[in-house]
Amino acid sequence: TAVGASGLAATAGCIGGGGGGGETITIGSDIPYAPFEYRNEAGDLIGFDVEIAEAVFGEQLDMDYEFQETSFDGIIASLNNANFRVIMSAMTINESRAERVDFSDPYFTAYQTVLLLEGSDIGSREDLQGTAVGVQRGTTGEAAAEDLQEEFDGDLQIESYDQINGAFDALLNNQVDAVINDNTVSASFAAENEEVVFLEGDGVAADRDNAPPYLTLTIEEYGIAFRQDDDDFREEVNGALATIRENGTYEEIYNEYFDG
Ligand code: ARG
């Protein structure tokens, strides 16, 4: 698609695309978070979010746009400081965030899941008590870990890392016993590391169609985040999201990243 072809990847961590409608918008995102926003070997920014952005902002709304890398923790403050126009960062829609930003309609369903090293003693949700879990700071994975910690009367150690790769590395290095994170992102990491497995069991999504076949701690939906004074633009984006679902573009992108 057009996104992978972008020649702008080398410029200051930004890539852009779009149709030359005149206006350029900047999209804040924490990278890497494969398969949503990450770089291929050539250094081009790719991923599900990146291609949805091309379809929505580039193709449907005919805008020029560029991604701006930013840390996930503080990404909402940064949006509200007008450092970028929207957040597109596999961001889960939730109530506390909705007090500070407005979200688009949901565009992806995700679940918090638990990743372990093969041979781990942890065989159930209860076994997480007394262990150390790694999470990305400021994420719903961190919030899910905090909920578990409360459930275990404090008997859970939470290690928060600025980026998800920090948590993944800590797991590989035995610095944490588990990583709590979005299912498809953890699945993409597990696909590249044979020694990494999901904690199995019936979770909150067990009865759902297409739910992952392992323990789910939460059910979440991703949205694009806007400043609270940006209603007209948000409506345009919702229209574009609906269009790409109707015209098959969404499905095409979905199948590219999540083997349909
Ligand atoms: N979905 C989770 C959340 O909203 C994790 C998102 C992390 N995204 C990223 N690009 N690092 O908290």
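This is a predicted model: local features need pLDDT of at least 70, side-chain atom pairs count only at pLDDT 80 or more; totals for chains, interfaces and linings use all residues.
Figure 1. Domain 1 covers 8-107 + 223-257, and domain 2 covers 109-220. Their C-alpha centres are 26 Å apart.

**Figure 2. Surroundings of the ligand.** The ligand is surrounded by 15 residues, and the closest are D30, Y33, T92, T139 and T140. By class, this shell holds 6 nonpolar, 6 polar and 3 charged residues. Both domain 1 and domain 2 supply residues to the shell, at least three each.

Figure 3. Most peptide bonds are trans. The bond between I31 and P32 is cis, with omega about 5°. P32 is located in the loop that links β2 (24-29) to β3 (38-39). A cis bond also joins A34 to P35, here with omega about 10°. P35 too is placed in the loop between β2 and β3.

**Figure 4. Helix α1 and the residue D62.** Helix α1 spans residues 48-60 and is mostly covered, with 13 of its 13 residues buried. D62 follows α1 and has a positive phi, near 55°.

Figure 5. Strand β9 (residues 132-136) is largely enclosed by the rest of the structure, because 4 of its 5 residues are buried. The strand runs parallel to β10 (residues 157-161), and 5 bridges join the two. Within this pairing, A132 has Q157 of β10 as its bridge partner. From β9 the chain passes through helix α4 (residues 140-151) to reach β10, a β-α-β crossover that is right-handed. β9 also pairs with β11 (residues 178-182), again in the parallel sense, over 2 bridges. In β11, V179 is the residue opposite G134.

**Figure 6. A143 in helix α4.** A143 is part of helix α4. The residue has 18 C-beta neighbours inside 10 Å and therefore counts as partly exposed; the cut-off for buried is 20 or more. I180 is 37 residues from A143 in sequence, while their C-alpha atoms are 9.6 Å apart in space.

**Figure 7. N174 in the loop between α5 and β11.** Most residues other than glycine have a negative phi. N174, which is not a glycine, has a positive phi near 60°. The residue sits in the loop that runs between α5 (164-172) and β11. N174 has 9 other C-beta atoms within 10 Å, so the residue is exposed; the limit for this class is 12 or fewer.

**Figure 8. N210 in the loop between β12 and β13.** N210 also has a positive phi, about 65°, although the residue is not a glycine. Its place is the loop between β12 (196-198) and β13 (218-222). N210 counts as exposed because 7 C-beta neighbours lie inside 10 Å.

Technical notes
Residues are numbered from 1 along each chain as its sequence is written. A residue is near a molecule or strand if its C-beta atom, placed from the backbone, lies within 6 Å of it. Ala, Val, Leu, Ile, Met, Phe, Trp, Tyr, Cys and Pro count as nonpolar, Asp, Glu, Lys and Arg as charged, and the others, Gly among them, as polar. Domain bounds come from an automatic or database domain assignment. Two strands pair if DSSP finds at least two bridges between them. A crossover is right-handed if, with the strands pointing away from the viewer, the path from the first strand over the helix to the second runs clockwise.
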